Amino acid sequence: MLNYSNVIENDKSYPGLQMREIKPVMKLIIRGKKRQFLSAVGKSLNLLLPNEANTSSRSDQLTALWLSPDEWMIFSNEILKSDDNNYDVEKLLNKNICKTNLGAVTDVTDQFVLINLKGDKIFDLFETGSPFNFNDFKSKKGLVTQTILAKIDIIVHNQDINDVNLFVRRSFSDHLFSWMNDSASRL
Amino acid sequence: MFLINCPFCGEREQSEFKAGGEAHIVRPKQPTELSDDQWAEYLFMRKNIKGIQFERWNHIHGCRKWFNMVRDTSNDEIKAVYKMGEKPPVK
């Protein structure tokens, strides 16, 4: 694990909304188009990649998010040891995907910040700064979308009802978190 | 402000997209044999019509995929959306 300064220092809590950063969590982006790629990933991780747009799949250890027709994000459900930068999953995928020329694996653990939001005001907060229509999204567990929040690219994963994972690029995370705090204080 | 139906992600707001100019421009097969005028014609000259226009768009804040769109430039009505490499569904 690289030693970045902590972007989000304190957990924040508002009526109907709690926000905190979850770390360290392994995050990988995998890309590939071939059918063998999908089956190789499925066999390696014991996890089927979601084929349908804007959906996710989950195993005991990992969650896979659909990002585009040939791109997925895989992240670990549990937090990992903070002193280690090597992941067995990445090594396994490198061996079964990259070395066989089926696709690409990129470690984005330190690129993305994972903010977990809980409470019934999550989507009220999102609606103050996002053009995305969350009406159907919020009631379906497991849906994923990439959209804009306060002009910043984000990935939203509806983990459970009133429990949302938000991925944002590290350089934007400080600003986004302060914007979310400001917006949440006015809900 | 209008809604665009991304062929991969579904209906999204226009601010998630980026326009990529006119679609279906074919690159000359032998660029070295063209005169400067012909090359400039290919490189820079674009239609700017009022009416039905074929355009390329990118869902840049979503799936980051390119696709084609048929749009009426006079009223922003989207006639059709189709993937790269597909034939335009309307003439």
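**Close-up views of a predicted two-chain model**

**View 1. Strands 5 and 6 of chain B are joined by 6 bridges.** Strand 5 covers residues 66-72 of chain B, and its direction is antiparallel to that of strand 6 of chain B. Within this pair, B:Arg71 has B:Ile78 of strand 6 as its bridge partner. The model shown here and in the other views is predicted.

**View 2. An open sheet in chain B contains 4 strands.** The strand order is 3-4-5-6, with antiparallel pairing. Strand 3 (18-22) and strand 6 (77-83) of chain B lie at the edges, each pairing on one side only. On average, and with direction ignored, neighbouring strands of the sheet are turned by 35 degrees against each other.

**View 3. Chain A as a whole has 4 helices and 11 strands.** Its C-alpha atoms fill a box of roughly 50 × 40 × 30 Å along the principal axes. The radius of gyration of chain A is 17 Å, which agrees with the value near 16 Å for a compact globule because that is what 187 residues would give. Of these 187 residues, 32% count as buried. Among contacts in chain A with a separation of 6 or more, 60% come from residues 24 or more positions apart.

**View 4. Strands 9 and 10 of chain A form a hairpin with 2 residues between them.** Strand 9 spans residues 144-149 of chain A and is mostly covered, with 5 of its 6 residues buried. Strand 10 (residues 152-160) of chain A pairs with strand 9 of chain A in the antiparallel sense, over 6 bridges. A:Gln146 stands opposite A:Ile155, which belongs to strand 10 of chain A. In the turn, A:Ala150 has a positive phi of about 50 degrees.

**View 5. The largest nonpolar core has 50 residues.** The residues with the most contacts inside this core are A:Ile30, A:Trp72, A:Ile115, A:Leu166 and A:Val168. Strand 8 (residues 112-118) of chain A gives the most to the core, namely 5 residues. Nonpolar side chains tend to be buried together in soluble globular proteins.

**View 6. A:Val168 is shown with the residues that it touches, among them A:Phe112, A:Val113 and A:Ile115.** A:Val168 also touches A:Ile152, A:Ile154, A:Ser173 and A:Leu176. Residues up to four places away in sequence are not counted.

Definitions and conventions:
Residues are numbered from 1 along each chain as its sequence is written. Chains are lettered from A and ligands numbered from 1 in the order in which they are written. This is a predicted model: local features need pLDDT of at least 70, side-chain atom pairs count only at pLDDT 80 or more; totals for chains, interfaces and linings use all residues. A residue is buried if 20 or more other C-beta atoms lie within 10 Å of its own, exposed if 12 or fewer, and partly exposed in between; C-beta atoms are placed from the backbone. Two strands pair if DSSP finds at least two bridges between them. A nonpolar core is a set of buried Ala, Val, Leu, Ile, Met, Phe, Trp, Tyr and Cys residues joined through C-beta atoms within 7 Å. Two residues are in contact if their C-beta atoms, placed from the backbone, lie within 7 Å. The radius of gyration is taken over C-alpha atoms; the globule rule is 2.2 Å times the number of residues to the power 0.38. Axes are lines fitted to C-alpha atoms, for helices over the stretch in contact, and angles run from 0 to 180 degrees between N-to-C directions.
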